[in-house]
Amino acid sequence: MTEDVAYLSAVELIRLYRSKQLSPVEVSEAALTRIREHGQAVNAFCLVDEESALRAARESQARWLRGAPCGLLDGVPVTVKDLLLTRGWPTRRGSVTIDPEREWPDDAPAVSRLREHGAVLLGKTTTPEFGWKGVTDSRLCGVTRNPWDLTKTPGGSSGGAAAACALGLGTLHIGTDGGGSIRIPAGFTGVFGHKPSFGRVPAWPLSPFGTVAHVGPITRTVSDAALMLTVLAQPDDRDWHALPYDGRDYRIGLEAGVHGLRIALSPDLGYARVDPEVAEAVRLALGVLEELGAHVEEVPPPFDDPTAVFRTHWYTGAAKLLAGFREAQRAEMDPGLVEIAVEAEGYSLSAYLDAVAQRAALGESMRAFHRTFDLLVTPTLPIAAFDAGRETAAPTVQRRWSDWTPFSYPFNLTQQPACSVPCGFTNAGLPMGIQIVGPMHDDARVLQAARAFESLRPFRLPHEPRSSAVTADAAGGAREGGA
């Protein structure tokens, strides 16, 4: 029963609360039970606050009994990635250099919206230090693991959120995405992750990595992501980058399908090396979209390899971040983070401004591309999940995490909406995903396409962590704290 309740969607929970067939207390207790049973094996949480969660669940239950829910998510269990400020809980950003004992009086905009809509906050999910890389491990929290195979990484930097999502350790999960950090772990763990158009979800304070960073949902269904985005996109004056609020409800039109849409396929963007199993899964997925009435066309690479452009932006953000820390603190940090910051300290102003100009040209080229095509589809990742605790899949030929994430970061540079949709499993039983990219500001179309695919290819999820090779003690555990 606990497992069944924990895997219900937010949409289903709200329906059952309204009909009084289920209560927020029952659902929160089920989520917390699964966190106690399975959370340690995957190491998805850096903080779990059972007392606060159950208090919020009881308050929600009282509102439902009065027939007066306070918002769209009243009583739905959610988690918050530990890069986002959360009132009363430390936000340590995966770093031993952050003092947990200081006061924590603020909520980030996304957290504020969840509270306003009655969501039950369970705890905070793990991230690599300051969210700097595409896997999830840190000196603070240890290694986060993939529930499909505990010897593998769930990806990152929202790896804790995705692992929790896949295992029913909460219903909705907030992630951040500066170079793929929602889509990478969604792809590796077989859940749905949406990176909204930049500015769609207000963010404060702005990521130290700047205007490539987005905030968005990680969920087990597309409908839940549409519901969650409807809440997260509500305005907050603290973000001066935010798009004008248009009042959109992303649930409306979600079932519109893809009939007649012009969908471009780029299987490798012209520069990526893709595992044959992944390539075949993506082609089969495009067949599903054709079956649904879309016009699919394989296209030449829409742009040149933007790796150097992305690294200039990303590494410069790391250098600016670390400039505020003493040398002794830097010595305690992830060596890879320090290395990219040191590399960026050698960049000239001219080189940085060249990268800014190249980024603008990339954005212009994609605006032009979408005058012909409604959507672009690529693999989410060129490979399946690899060994946990490593930055790269093939250390002898890959220097940094961005070497194995060629499909995600281009669309952080362009700020377009993009999602990862599960599309199958490798022969080893590891999830694979397709990435759907839409024109700037058209999050609704991306979600509609993802929902259409999901309607014919429902997502499959693990019911418990799978691997005898890693014990719960080795995996590390959640730290408990009070709000």
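Leaving out neighbours within four places in sequence, T380 is in contact (heavy atoms within 4.5 Å) with R183, G187, F407, S420, G433, I434 and Q435. This is a predicted model, where local features need pLDDT of at least 70, side-chain atom pairs count only at pLDDT 80 or more, and totals for chains, interfaces and linings use all residues. Residues are numbered from 1 along each chain as its sequence is written, and side-chain values use heavy atoms, with hydrogens and water left out.

So where does T380 sit? You'll find T380 in the loop between β11 (375-379) and α14 (410-413); helices (H or I, at least four residues) and strands (E, at least two) are DSSP runs, numbered from the N terminus. Its relative accessibility is 2%, so T380 counts as buried (under 20% relative accessible area; exposed is over 50%, partly exposed in between, with a 1.4 Å probe and protein chains only). A polar atom of the T380 side chain lies 3.4 Å from the backbone nitrogen of Q435.

Now for helix α13, which covers residues 349-369. Its buried residues pack against β11 and α14, and also against β9 (262-265) and α10 (307-322).

| Group in α13 | Residues |
|---|---|
| Buried | A355, R359, L362, G363, M366, F369 |
| Exposed, on the other side | L349, E364 |

Zooming out, the protein chain has 16 helices and 13 strands, and 63% of its 483 residues count as buried.

Terms used: Polar contact = N/O pair within 3.5 Å; in protein donor to acceptor, adjacent residues only side chain to side chain. Expected span 1.5 Å × (residues − 1).
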